[in-house]
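Hi,

Here is the structure I said I would pass on.

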Amino acid sequence: MIRLDVNGKSQEVDADPATPLLYVLRDHLQLNGAKFGCGLGQCGACTVLLDGKAVFSCVVPLASAAERRVTTLEGLGTPDKPGRVQRAFITEQAAQCGFCIPGMIMQAQALLEHTPKPSPAEIRSHMSGNLCRCGTHMRIVRAIERASREP
Amino acid sequence: MRTLATLGIVAVMCAACAADPVAPAPSAPARASFDPALVARGAQLSAIGNCQVCHTAAGGRSFAGGRPLETPFGTLYGTNITPDPDSGIGRWSEQAFRRALREGIDREGRHLYPVFPYEYYTRLSDEHIGALYAYIMTREPVQAQNRPHELRPPFNIRGLLGVWKSLYFEPGAFQPDPARSAQWNRGAYLVNGLGHCSACHTPRNFLGAERKDQLFGGGEAEGWYGPALNAASPSPLPWNAEQLFKYLRTGLDEQHAIAAGPMEPVVRNLAVVPEEEVRAMAVYLEALAGPPSEARRKNAEAALALAASAPPGVGRSRELYAAACGVCHDHGRGASSGSALPLALGTAMTIPTSANLLHITLEGIAPPEGQPGRAMPGFANALTDSQVKDLMAYIREHFGRAPAWTDVDAELAKIRKERK
């Protein structure tokens, strides 16, 4: 059994320590916010926070997450009460197909926790590892700028 | 102390004996005065010389200087070499420019720090210096004052450089070897001149001079290790000229390496210069390493067998490896781009220091922002220090097949600190 702290809740998981954190979140804990995109740490759809910093959960071994603070999309808010970054993404209609958006939101969350007022260049640089195939990048950047202005 | 004091006295004596200034031109030469073909040739040569990399700050204007370069003696800053008449080199005549490249003396007659690689540029032909001058003098002038170097005493005394030069600097034009092919000579000229490859691939002594007895024996650059390029090459598989060409041209050879760290801008530059220049460099470098010894061939066979089998070992480190690394690097699990190098074939595993593998593991590999290229995610946020150490030990033992590194703790702490 491996003990995980996910969204502030302590949980025990019975899984091989080499299992990717993403599989544990989705298959064991039914937290389906993080998406499986490439499985190779190349696209960012699976981004979650580990101790407040963004990681690609598809290449994070479960063993690495043990006893550390995991935050997923579900930890930022609910459909009724979305968090600050989630609200900004909705307001700017940043999603087209939406598959990359959970990862984008988590990556943006990590940026804003570290740099509350990022410059446009900092936003682009920080988000460069997260890919969107629909091409809503301009809206995503706007959503992050909006979130940085809101309390 | 006594040596330092002596050096200090000599330095003061030498401060006055650098060289006479070259008279400043009243203004920068007009763009139209340069033949466009010469400017175009200069652009290619400048790419081979990697000039822009050290003379441009992150996010700054091209060639306007300001990029820090950490050395054991302190931090030096790339200077403004745009043709701005006041803050750049706009008033430098071609003669002054040539003297800087050949002798390491600026227009005013002061010694230049050898971080500017005049030790190598001294071999350049007049024709090439002329082309470089034409290219640099037709760049956009940028008004930007040079940032003073931050060097520890006594290295902040410029006069000392006169002593340094008399000890270590060997000025002189490239001497072709008539016994070798024209292509080899071309490669030797580029590698040892403009390319200044040995600056990062040769060990240095306590005064920062190349150890000539270990030329191309493996050096250091910006916290990375530049592997040996001579017969002591740590590459599990020997390189041939075709593979070297591919690597230098594209940044990737599937059987040897992907360019990372300070080598990344080098290959980016070599991607846009005439193909025959890069081929010549590859031919020279293949000859430099020489034909592989019997022991090296046996070692290569073992590396290939290892790369084609399941990763060995058991336990916690093996689990970490499987989930974090094996998903792309294991046999039969190539990334969609086909670029994940089997670790048994890479030099980061076999070199004497853990620095390169730590840099790659923590920071990943990424193309420059906004440009396409192969990417590996960094694991700085994902792995704890103890996990990183376990991984290093596992990878070194099983893929490097060499005694454990003793510098992991120190190198890891250094990189973590830089990332803060």
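This is a predicted model: local features need pLDDT of at least 70, side-chain atom pairs count only at pLDDT 80 or more; totals for chains, interfaces and linings use all residues.

Residues are numbered from 1 along each chain as its sequence is written, chains are lettered from A in the order in which they are written, and side-chain values use heavy atoms, with hydrogens and water left out.

Let's start inside. A nonpolar core is a set of buried Ala, Val, Leu, Ile, Met, Phe, Trp, Tyr and Cys residues joined through side-chain atoms within 4.5 Å. Buried means under 20% relative accessible area, exposed over 50%, and partly exposed in between (1.4 Å probe, protein chains only). The largest core has 58 residues, and L4(A), I395(B) and F399(B) have the most contacts inside it. Another core, of 54 residues, lies apart from it and includes L132(B) and Y284(B).

You'll find Q107(A) in helix 4 (residues 101-114) of chain A; helices here are DSSP runs of H or I, at least four residues, numbered from the N terminus.

Now for where the chains meet. In all, 18 residues of chain B are in contact with 20 residues of chain A, contact meaning heavy atoms within 4.5 Å. There are 0 salt bridges between the two chains (a salt bridge is a side-chain nitrogen of Lys or Arg within 4 Å of a carboxyl oxygen of Asp or Glu). Helix 14 (residues 316-329) of chain B gives the most to chain B's side, with 6 residues.

Over all chains, though, the structure holds 27 salt bridges. One of them pairs D126(B) with R102(B), at 2.6 Å from N to O. Those two are 24 residues apart, with D126(B) in helix 6 and R102(B) in helix 4 of chain B.

Helix 13 (residues 294-307) of chain B is worth a look as well: E294(B) and R297(B) both lie there, 3 residues apart, and form a salt bridge at 3.2 Å. E294(B) also forms one with K298(B), at 3.7 Å. E294(B) is partly exposed at 48%, whereas K298(B) is exposed at 54%.

Cheers
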